[in-house]
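Please keep the structure open while going through the numbered points.

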Amino acid sequence: MRISSGMIYELGVSAIQNRMAELVKTQQQLAAGRRVLAPSDDPVASAQSLQLKQSLSVAQQYQANITHATNALNLEEKVLAQITRVIQDAKVTAVNAGNPTLSPDNLKALATELKGRYQELLGLANTQDGQGQYLFAGYKSNVKPFTQSSGPGVYAGDTGVRSVQISASRRIAINDNGQEIFQPGVPGQDVFKTLDDFINQLNSGSITPTQLSTALSGLDNALGNVLRVRAAVGARLRELDATDGTHADSILHYQATISDLMDLDYTKAITDLTRTQTSLEAAQKSFLAVSQLSLFNYLGG
């Protein structure tokens with residue numbers, strides 16, 4: 001095979017260009033900290049990375065939902081704790097009303113005290129979150145659920161329960177409606193009616209053992225109902241914490257795998273850079289030496 005001067009020149013230029021292209025790519029990889037700069041660099045790794053990034057995005061969205069749900073349920077737990085305290089205080093007042101030595105004026109004073117508890121409970125039942133949504137209105141979060149100043153009143157919300165997706169197979173409730181908490185539809189468990197009836201009885205200046213027993217029983221039922229809801233909220237918070245931990249582990253796994261597929265091994269890259277620089281210098285020197293030869297020099301040698 002005859003090798004022309006033109007072929008020698010082209011081969012030399014091609015070798016230099018290839019080494020320069022490798023050098024530039026390695027420098028780009030080092031600057032970006034990435035081994036795969038374009039899908040064509042490693043199609044298989046790029047495809048796997050894309051799938052992992054999609055899974056990562058989903059897990060991160062679940063975590064965001066969990067944060068939202070946790071904040072909502074923590075607020076509800078805080079309010080339910082205050083409601084528990086108010087009902088317990090009302091029970092203490094009701095027990096005090098059973099003292100046979102109390103005068104009508106004393107009973108009316110206790111009625112005034114219970115009226116304050118009633119209003120405090122009403123305010124808690126109408127709690128709003130940071131976005132101005134009513135906590136215990138069900139789906140009707142923009143509707144004030146309780147507006148009565150006395151008596152059982154009418155619940156203006158609905159029985160809906162808002163929920164969010166926290167995993168591929170699990171949605172979790174982030175609120176409880178006011179009817180379930182304050183007026184569950186079971187005789188003796190409407191806390192507003194229980195308090196209002198007892199306040200009216202105390203304001204009459206006298207109270208019978210039956211009236212006292214009914215009031216205490218109603219407050220016990222209301223307290224038990226609130227504690228039941230609080231227990232359910234606590235269980236959901238524990239589930240959220242556990243699920244968040246699972247997603248956190250998955251996210252770390254996805255990120256580590258993506259890094260293994262796409263990120264640069266700096267030690268290897270620097271070694272490659274040094275080797276390519278050496279190879280480029282050798283190609284340049286070789287090309288320079290060959291390009292300076294003439295046919296006569298070659299024959300004379």
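At what angle do helix α5 (residues 191–203) and helix α6 (residues 209–262) pack, and how far apart are their axes?

1. The model is predicted, so local features need pLDDT of at least 70 and side-chain atom pairs count only at pLDDT 80 or more, while totals for chains, interfaces and linings use all residues. Residues are numbered from 1 along each chain as its sequence is written, and side-chain values use heavy atoms, with hydrogens and water left out.

2. Helices α5 and α6 pack at about 155°, and their axes are 9 Å apart; here axes are lines fitted to C-alpha atoms, for helices over the stretch in contact, and angles run from 0 to 180 degrees between N-to-C directions. α5 is therefore roughly antiparallel to α6 (the term is used for angles over 145 degrees).

3. On the α5 side, Val191, Thr194, Leu195, Phe198 and Gln201 meet a set of α6 residues that includes Leu212, Ala215 and Gly218, where contact means heavy atoms within 4.5 Å. Sorted by class, this contact has 7 nonpolar, 4 polar and no charged residues (Ala, Val, Leu, Ile, Met, Phe, Trp, Tyr, Cys and Pro count as nonpolar, Asp, Glu, Lys and Arg as charged, and the others, Gly among them, as polar).

4. The axes of helix α2 (residues 43–97) and helix α3 (residues 104–125) come within 10 Å and cross at roughly 165°, and α2 and α3 are therefore roughly antiparallel to each other. Among the α2 residues in this contact are Val79, Ile83 and Arg85, and among those of α3 are Leu107, Glu113 and Arg117. The contact of α2 with α3 has 11 nonpolar, 3 polar and 5 charged residues.

5. Turning to the rings, the count comes to 6 aromatic pairs, given that rings of Phe, Tyr and Trp (its six-membered ring) pair if their centres lie within 6.5 Å, with planes under 30 degrees apart counted as stacked, over 60 as edge-to-face and the rest as tilted. Phenylalanine 146 and tyrosine 155 form a tilted pair, 5.3 Å centre to centre with 40° between the planes. Phenylalanine 146 also pairs with phenylalanine 182, and because their planes stand at 80°, with the centres 5.4 Å apart, that pair is edge-to-face.

6. Phenylalanine 146 is buried at a relative accessible area of 0% (buried means under 20%, with a 1.4 Å probe and protein chains only), and phenylalanine 182 is buried too, at 1%. Ring pairs link Tyr118, Phe136, Phe146, Tyr155, Phe182 and Phe192 into a cluster.

Terms used
Helices (H or I, at least four residues) and strands (E, at least two) are DSSP runs, numbered from the N terminus. Angles under 35 degrees count as roughly parallel, over 145 as roughly antiparallel, 65 to 115 as roughly perpendicular and the rest as oblique. Buried means under 20% relative accessible area, exposed over 50%, partly exposed in between (1.4 Å probe, protein chains only).
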